[in-house]
Each structure stands twice: as C-alpha cells, then as structure tokens.
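Okay, everyone, I'd like to talk through some salt bridges and then the cavities. Let me put the structure up.

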Amino acid sequence: TRSIAVTGVQTCALPISTSPIACLGPEGSFSHLVTAKRFPDHELRMISSVSEVFDFLATNPMAHGVVPIENSSGGFIIDTVDRLVDDRCHLHILEELTLDVKLVLLGHAGHAVEVIYSHPMPFFHCDEWLQQHHPKVKRVPLASTAASAKRAVEEINAATIGPRQNAAKHGLDVLQFPIAGEVPNITQFFLVGPQANTPSSEHNRTAMVLVLPDKPGSLCRFLQPFSDAGVSLKRIESRPLRGQPNKYRFYIELEGSTAQPSTAEPLAQVQADGAQVRIVGSYLSGRRFES
C-alpha cells in the first residue's frame, strides 16, 4: 500500500461524553430533534444559524456541533459546505446522522386556516399538497419550524408545518398528519468536532476539500483513479476560492475510509498529479432517526 500525505487527519477523537453539543435552534427545530435523539444526556446549546454554530465551536475547543448538510427535497445546505471548505475551519466530520422527517399541519381546530408559517424547506417539500388542499392560504417563511409554531399560537386563524413534537410543546392541534407522507423527506446532518476520528475500515464515508491544477482535464484526471479502483463518489460541490475570481475548490464525499487501500491508493495517485487534498473526515454514515 502506498502511503499518502493528507492534511486534516488526527490520531484520535476528543471524548464526546465530556463536551457540550451545539446545534441549530431554537428548541423544537429539526436540528435540535436529531441532536437530542443522538445525545439524550448531553448539554445542548441552541444556536441561531449554521455559521454561528461553527463560530461557537471555534471559540469553545471542548464542544461539538450538529449541522445540516443536505435535504432530499432542497439539496445541499450551502452554509455548511462553505464553512467546511474554508481553510480557516479546523473542524472534522465525525458522523453523519439522518432524520426521517414526518411533517404535520398544526393549528387551531375548528378555525379556518388563513396563513401558514414554516421554514422554507417544509414549504418546498409540501408544495403539491398545499396547492391541492390550501391553494389560497398565505405562506409565510420563518427562520425555523419552532419559530413558526410560536407564531401560529398567537393567531387563531394561523397554522404551521413542522414536527409532531411542536403540538404538545406549543398547545396546538394536529390538523393533518402526515403531510406529503408518500414522498421521502430526509435531512442529513454532520456531527463535527475539533479532532478527527482515527481512520478505520469501519468508516464508510470520507469527505475532502480539493483544489486542482488550473489546466484542462484536471477534474477528469482526479476522478479516473477512483473509478478504476471501484470507489463511488457520493457528493461533489464546487465553491469559489476566496479572493480568487473564476477559481474554485471542490467539496467531495466518497464511499470508504482513508484506512482502506482502495481509497488510500487513488488519493496518493491524485496528489502525485498535483491535486491539493484536505481530508475533512472519515466517518460512519447511516445512523437514522425519525421525527
């Protein structure tokens, strides 16, 4: 096996059992729900934006965080990708968590619905259902499903779309469950922390940040060794290089671990060809929860 020299891989991970967990709040948001399910006995810190979660972790070296990375309806969460690809970010992906989102329409039973509050993603996912059942109702996007539930409580003709847990928490009635239940609605999250996992063959996903030589065919030459080795790439996203117009770096995820020769050997080959690779984490994906 050829050795590879990649930046960003540490020898051990900080014990999560001793650290607070920051997540996108407020309480009752999907980020909060998946974090509470994964870490039921931990101190949780509610943060108001993805960027602020990363800022909190940068100033609290013992902390870990949970941030969204992709929604099956809406795609990549660019705020998370941009922070991960930033060279000033020294955090690592430790796990991928999946939340199977079951949405509910909450409101005030016996009262007509004139306005619906929710986060933009539930509106996007439920668009066809809303067109069919509430075509004339005004839709108002807010920062989170939790904030939307609080707003709906204040207006007798308002409703909100979100998780079932918001019904009991805010004293709202379940008007419809599930909404658009026939269409899978999956949101995936990353657990991030200050020290990377020790590379292991048990990890089934590796994420990296890539800068390629600025010449024709660079991306094709990068992809070919992984194709030859039978390694599947799962996500690839180009983002502009800071302060360098018309130049880009890539965020890429592939199946496998840096501990496996099938992954390590193509990585060594592409680096020899001039690719600059920073490993963001080798980790286990597939831990699944339901809202």
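So, start with Arg205 and Glu96: their side chains meet in a salt bridge at 3.8 Å, N to O. By salt bridge I mean a side-chain nitrogen of Lys or Arg within 4 Å of a carboxyl oxygen of Asp or Glu. Arg205 lies in strand 12 (residues 205–211) and Glu96 in strand 5 (residues 92–100), so this pair ties together parts that are 109 residues apart in sequence. Helices (H or I, at least four residues) and strands (E, at least two) are DSSP runs, by the way, numbered from the N terminus.

Before I go on: this is a predicted model, with local features needing pLDDT of at least 70 and side-chain atom pairs counted only at pLDDT 80 or more, while totals for chains, interfaces and linings use all residues. Residues are numbered from 1 along each chain as its sequence is written, and side-chain values use heavy atoms, with hydrogens and water left out.

Buried or exposed, then, for Arg205? Arg205 counts as buried at 11% relative accessibility, and Glu96 counts as buried at 2%. The cut-offs are under 20% relative accessible area for buried, over 50% for exposed, and partly exposed in between, with a 1.4 Å probe and protein chains only.

Glu96 has another salt bridge, to Arg235, at 3.0 Å, N to O. That pair also links distant parts of the chain, with Arg235 in strand 13 (residues 233–240) and Glu96 in strand 5, 139 residues apart. Arg235 and Glu96 are both buried. And there's a network of salt bridges here, linking Glu70, Glu96, Arg205, Arg235 and Glu253.

Now over to Arg139 and Asp127, whose side chains meet in a salt bridge at 2.9 Å, N to O. Here strand 8 (residues 138–141) holds Arg139 and helix 5 (residues 127–133) holds Asp127, twelve residues apart. Arg139 is partly exposed at 28% relative accessibility, and Asp127 is partly exposed too, at 29%. Searching the whole structure gives 21 salt bridges.

Last bit, cavities. On a 1 Å grid over the protein atoms alone, a cavity is a set of points where a 1.4 Å probe fits but cannot get out, and lining residues have an atom within 4 Å of a point. Residues lining the largest cavity include Leu212, Phe222 and Asp273. Helix 8 (residues 218–228) gives the most to that lining, with three residues.

Conventions: On a 1 Å grid over the protein atoms alone, a cavity is a set of points where a 1.4 Å probe fits but cannot get out, and a pocket is an open set with protein on both sides within 12 Å along at least five of seven lines; lining residues have an atom within 4 Å of a point.
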